[in-house]
Amino acid sequence: MNKRIKKICSLATVLLMTTSSLSFAADGTIKKDETVYVNLSSAGEVEKIIVSDQIHSDVEGQKVVDSSSLTDIKNVKGEEKPSIDGENIVWELEGNDLFYQGNTDKEIPVEIKVNYYLDGSKIEPSELPGKSGKVKIELETINKEKHQTVINGETKDIYTPFMVASVVILPDDIFSNVEVNSGKIITEGNNQIVTYVSVPGLNELIPEDATDIKIPEKLVIEADAEEFELGPIMSVATCELPKIDEEGDLGSISEMIDSADELESASSKLRDGTKTLSDGQTELADNLVKFRAGVVELGQGSTALIDGVSKLDLGIGSAYEGATKVAEGIRLFVDSAGEFGTGAKAFGAGATSFAEKAGEFANGATMLSNGLGKLTSSTKELETGAKTLTGGTDKLIAGEKQITTGVTASLKGVQSLIKAVKQQDPKSPMLATLKQIEAGLKAVEDGSNNMTNELNNFKKGQQKLTAGLGELGKGTDTIKETAGLLQAGSKGLVEGADKLSQSAVQLDTGAKKIVGGSKELVTGSQGVSDGLGKLSEGSKAIMAGKDKLVTGNKELLSATNQLVDGGNRLKDGAKELNVNMNRFHQEGIKELSSVLTEKTESLDDLLLVKDELVKLADEYNSFTGIGKDMEGSVKFIMKTEEIKKVKETVVSTETEDKEKKGFINWIKGLFGK
């Protein structure tokens, strides 16, 4: 065994040895740290026990009253001499620390048994050296510190909780294909090191049906051996266990029971929530059908509007063409004013008739202007309604995203629960129900995502509709302005016609006035022509927005149909979710809560056992005795005899040194190298 391997072996055993000696605090208490070195045979029988004690005091030169059952006591690091009276030992310290050793034949609290097998048959350790074959080594730890205690009226056997760490070194040139039932295998250099930790006696406190939490109390090593040899097996035992009452102890089980009650309450609320979701989704689906009917009605109204605008465009075009011809005719009339005198009477009659028609034209222009004002107002109201509808759609999209987020969170929760149940019991009947719930939640999640997509498409159609209505509004504004000009022009036309009529009566005496009146007629007719021209341009702008309005209506109807389909799918998914959530609550959560509640009494017993274990561990602070006012700690270091082939060689200096110095000093030497 080389020096590096010796140090690894020593470190594995020294971890527990150094715990208490490093914990001295300057609080004035006298502390005693006891280390029990035990030489074992290859099979684990005790051959020799040497005890090493360290006493520490914060006050130098203090008188210490100790108690010990050791024999052959001697100070190993100082000159102080003990005053011994039976088991009472008085020391006069020169400094702060005292180290002494002694012997004892007292039975140690932890027994080590080692059994060896070769090719399936048990064999004595002395017969193994040099043998080859399939080898099995069984290392068993046995706790002898048994106590009886009464818990909830029942007598139980409880053992002082010793933790035993063992190290077995298997050289690669001897052992191959190494397997263990517990512990760890560490490869270092040319060796495989098996480490193993047990708590003997603890299994008796674990319920028989809890097979998944049994702690192994026996290490089984199997390997192929070539010319068998084995070095010492090292073991360290201590009852200085990690604090059981810290975070993660048995006390958290009662918190788990409380959490189960909270889970049942939350599950009930979730079940009610899915019922509300299902009812709300059904109402939403029904309202979406009504909304689609409104969209269809809107499309029909838009079609009627477009037809009216088309007819208006045709009428305005014809009026504009006629007004242009009238203006041209009046210009010709002015140019022919010299010839007008001969037909003055005929013109007078025609002028009177024209004045009457001009009045009718003015009334029509006024009605057209008023009608276009109402059209402009209605178009703006329609545009405002479309924008309001878009805002409502945004809220609907936001609400649907909240539903999707809630469903996704529920899905993740159920998946986490499935994982937890699988870890607890892979064959649990709850798994089938949970998977159904998971499938239902996934369907709802898919439907909700589709709903969100369809709402976004619906919103795009609304935006196009709003844009088309905006263009329509601009066109109606232009028409309204042109209609105002037409109305103003028609008034001029009426005035000119009246004057023309008056001039016709005085035609014979006022031909020159007729010529002057005809000039005013030219101006009025030109105003009519210009006004109708602008009205025609506005009408064309309205017609340009017509196609956008038609396209927007079609897209809106298509998006609404998809929205209705998605709402129906979501409604079906919400109903399925509600049914499965009810089953999950009744068959899963309530049953789990009921089972945990039934186990409360047995869990209380475990908590009481935990308290007894902590008490026993605290009380076991010495092996051979301790002073009345001292604090103490103790650990056991055990080493089996090595199994070696007989060699015809002179005993080495190292072996002689081991025999002269003894096992204790040899161990200390390993730690120092």
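Visitor: Hi! Of the contacts in the protein with a separation of 6 or more, what share comes from residues 24 or more positions apart?

Guide: Hello! Residues 24 or more positions apart account for 79% of those contacts. Keep in mind that this is a predicted model.

Visitor: Noted. How many helices and strands are there in the protein?

Guide: The protein has 8 helices and 19 strands. Of its 673 residues, 42% count as buried.

Visitor: Let's look at sheets. What is the strand order in the open sheet of 9 strands?

Guide: The order is β4-β7-β2-β1-β19-β18-β13-β16-β15, and the pairing is mixed. At the edges are β4 and β15 (184-188), each pairing on one side only. From one strand to the next, the twist averages 20°.

Visitor: And β13 with β16, in what sense do they pair?

Guide: Strand β13 (residues 163-171) and strand β16 (residues 191-198) are antiparallel, with 8 bridges between them.

Visitor: Where is Val236, and is it buried or exposed?

Guide: Val236 is in strand β18 (residues 234-238). Its relative accessible area is 0%, so Val236 counts as buried. The C-alpha atom of Val236 is 5.5 Å from that of Val164, although the two residues are 72 apart along the chain.

Visitor: What about the sheet of 3 strands, which strands are in it?

Guide: That open sheet runs β3-β6-β5 with antiparallel pairing. β3 (63-67) and β5 are the edge strands, and each has a single partner, so one side of each has no neighbour in the sheet. Neighbouring strands in this sheet are turned by 20° against each other on average, ignoring direction.

Visitor: How many bridges are there between β5 and β6?

Guide: β5 and strand β6 (residues 88-92) pair over 3 bridges, in the antiparallel sense. Ile84 stands opposite Ile89 in β6.

Visitor: Which side chain of opposite charge is nearest to Glu80?

Guide: That is Lys81, at 8.9 Å.

Visitor: So what polar partners does the Glu80 side chain have?

Guide: One is the side chain of Asn75, through a polar contact of 2.9 Å. Another is the backbone nitrogen of Glu94, which lies 3.0 Å from a polar atom of the Glu80 side chain. Leaving aside residues up to four places away in sequence, Glu80 touches Asn75, Trp91, Glu92, Leu93, Glu94, Gly95 and Leu98.

Visitor: Changing topic: how many salt bridges are found in the whole structure?

Guide: The search finds 11 salt bridges. Among them is the one between the side chains of Lys645 and Glu227, at 3.0 Å from N to O. Lys645 is in the loop between β19 (631-640) and α8 (653-672), and Glu227 is in the loop between β17 and β18, so this pair ties together parts that are 418 residues apart in sequence.

Visitor: Are those two residues buried or partly exposed?

Guide: Lys645 counts as partly exposed, at 31% relative accessibility. Glu227 is also partly exposed, with a relative accessible area of 40%. Elsewhere, salt bridges with shared partners join Glu107, Glu111 and Lys144 into one network.

Visitor: Where do Glu111 and Lys144 lie?

Guide: Their side chains meet in a salt bridge of 3.4 Å, N to O. Glu111 is in strand β8 (residues 110-118), while Lys144 is in the loop between β10 (133-143) and β11, so the bridge connects parts 33 residues apart in sequence. Glu111 is partly exposed at 24% relative accessible area, and Lys144 is partly exposed at 35%.

Visitor: What can you tell me about the salt bridge of Glu138 and Lys218?

Guide: The N to O distance there is 3.9 Å. Glu138 in strand β10 and Lys218 in strand β17 (residues 218-225) are 80 residues apart, so the cut-off for distant parts aside, the pair links distant stretches of chain. Glu138 counts as buried at 12% relative accessibility, whereas Lys218 counts as partly exposed at 32%.

Visitor: Last one: how many residues are between β11 and β12 in their hairpin?

Guide: There are 2 residues between them, and Asn152 in the turn has a positive phi of about 55°. Strand β11 (residues 146-151) and strand β12 (residues 154-159) pair in the antiparallel sense over 6 bridges, with Val150 opposite Thr155 in β12.

Conventions: Residues are numbered from 1 along each chain as its sequence is written. This is a predicted model: local features need pLDDT of at least 70, side-chain atom pairs count only at pLDDT 80 or more; totals for chains, interfaces and linings use all residues. Side-chain values use heavy atoms; hydrogens and water are left out. Buried means under 20% relative accessible area, exposed over 50%, partly exposed in between (1.4 Å probe, protein chains only). Lys and Arg count as positive and Asp and Glu as negative; His and the chain ends are not counted. A salt bridge is a side-chain nitrogen of Lys or Arg within 4 Å of a carboxyl oxygen of Asp or Glu. A polar contact is a pair of N or O atoms within 3.5 Å; within protein, one must be able to donate a hydrogen and the other to accept it, and residues adjacent in sequence count only if both atoms are side-chain atoms. Contact means heavy atoms within 4.5 Å. Two strands pair if DSSP finds at least two bridges between them. Helices (H or I, at least four residues) and strands (E, at least two) are DSSP runs, numbered from the N terminus. Axes are lines fitted to C-alpha atoms, for helices over the stretch in contact, and angles run from 0 to 180 degrees between N-to-C directions.
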